[in-house]
Amino acid sequence: MAAVFALLLIALTAFSFSVLLEKDIVDMLPFTVFSSILYLYFFYCANLLSLGITTLYLLIGSLLFYAIFTAVKEKRNVREKITPAFVVFCCTSAFFLLYTADNYSINWDELRVWSAMPKAIYETKQLQLGAGALIFDSGDNMQTYPPALPLFANFFLSAAPVFKESYIFLAYAVFVSAIT
């Protein structure tokens with residue numbers, strides 16, 4: 001259910017941006033994904049990821065209400081925002097939701113960083129660098145790039161009561177389908 005909630009938030013945010021900026025929803029999907037990752041990254045760097053997730057939910061809700069208010073006030077036709085490309089995105093997201101439902105990273109890899117990092121972030125809600133980090137505890141093993149996709153996966157995992165590896169697969173699939 002948490003994955004459906006995350007998918008719905010992505011779609012509603014893209015819808016809100018499309019109404020406010022007068023663009024197609026599909027054009028706003030990459031913007032939505034990248035802006036949510038960037039937003040969470042600042043909170044992650046400050047070691048305040050839980051606060052970042054909460055404020056992102058509030059920001060999405062506020063943005064949606066403002067977009068609806070603007071659409072009603074200016075009498076915009078929001079039905080034209082739902083294009084065939086957006087329907088394809090929704091259908092592929094639903095397919096990925098079903099296809100990745102029982103995936104485990106151990107079946108695909110030996111739990112490398114691509115799946116271990118989201119789990120460490122989910123469990124600790126902390127920056128995974130330096131002393132005390134679950135994965136990169138010293139400068140020798142430190143990654144040299146920001147954890148964008150693990151943060152996006154954490155967005156999918158944030159509403160889940162327990163960690164579910166299949167949400168990592170779903171988040172990565174939705175990321176790819178949103179930017180293509």
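Okay, let's start with two helices: H6, residues 148–157, and H7, residues 166–179, pack at an angle of about 120°, with their axes 8 Å apart. Quick word on terms: helices (H or I, at least four residues) are DSSP runs, numbered from the N terminus, as are strands (E, at least two). The axes are lines fitted to C-alpha atoms, for helices over the stretch in contact, and angles run from 0 to 180 degrees between N-to-C directions.

Before going on, this is a predicted model, where local features need pLDDT of at least 70, side-chain atom pairs count only at pLDDT 80 or more, and totals for chains, interfaces and linings use all residues. Residues are numbered from 1 along each chain as its sequence is written, and side-chain values use heavy atoms, with hydrogens and water left out.

Back to our pair. The crossing of H6 and H7 is right-handed. On the H6 side, the contact (heavy atoms within 4.5 Å) includes Leu149, Phe152 and Phe156, and on the H7 side, Tyr167, Leu170 and Phe175 are among the residues involved. What classes of residue does the contact of H6 with H7 have? There are 13 nonpolar, no polar and no charged residues. Here Ala, Val, Leu, Ile, Met, Phe, Trp, Tyr, Cys and Pro count as nonpolar, Asp, Glu, Lys and Arg as charged, and the others, Gly among them, as polar.

Now look at Phe34, over in helix H2. Leaving aside neighbours within four places in sequence, Phe34 is in contact with Phe175 and Ile179. Phe34 and Leu149 are 115 residues apart in sequence, yet 9.9 Å apart in space, C-alpha to C-alpha. Buried means under 20% relative accessible area, exposed over 50%, and partly exposed in between, with a 1.4 Å probe and protein chains only.

Let's zoom out. The chain has seven helices and zero strands. Of its 180 residues, 43% count as buried. And among contacts with a separation of 6 or more, residues 24 or more positions apart account for 68%.

Last stop, the lining of the largest pocket. Helix H1 (2–21), helix H2 (25–45) and helix H3 (49–73) each supply at least two residues of that lining. By class, the lining has nine nonpolar, four polar and no charged residues.

Key: A crossing is left-handed if the near helix is turned anticlockwise from the far one by less than a right angle, and right-handed if clockwise.
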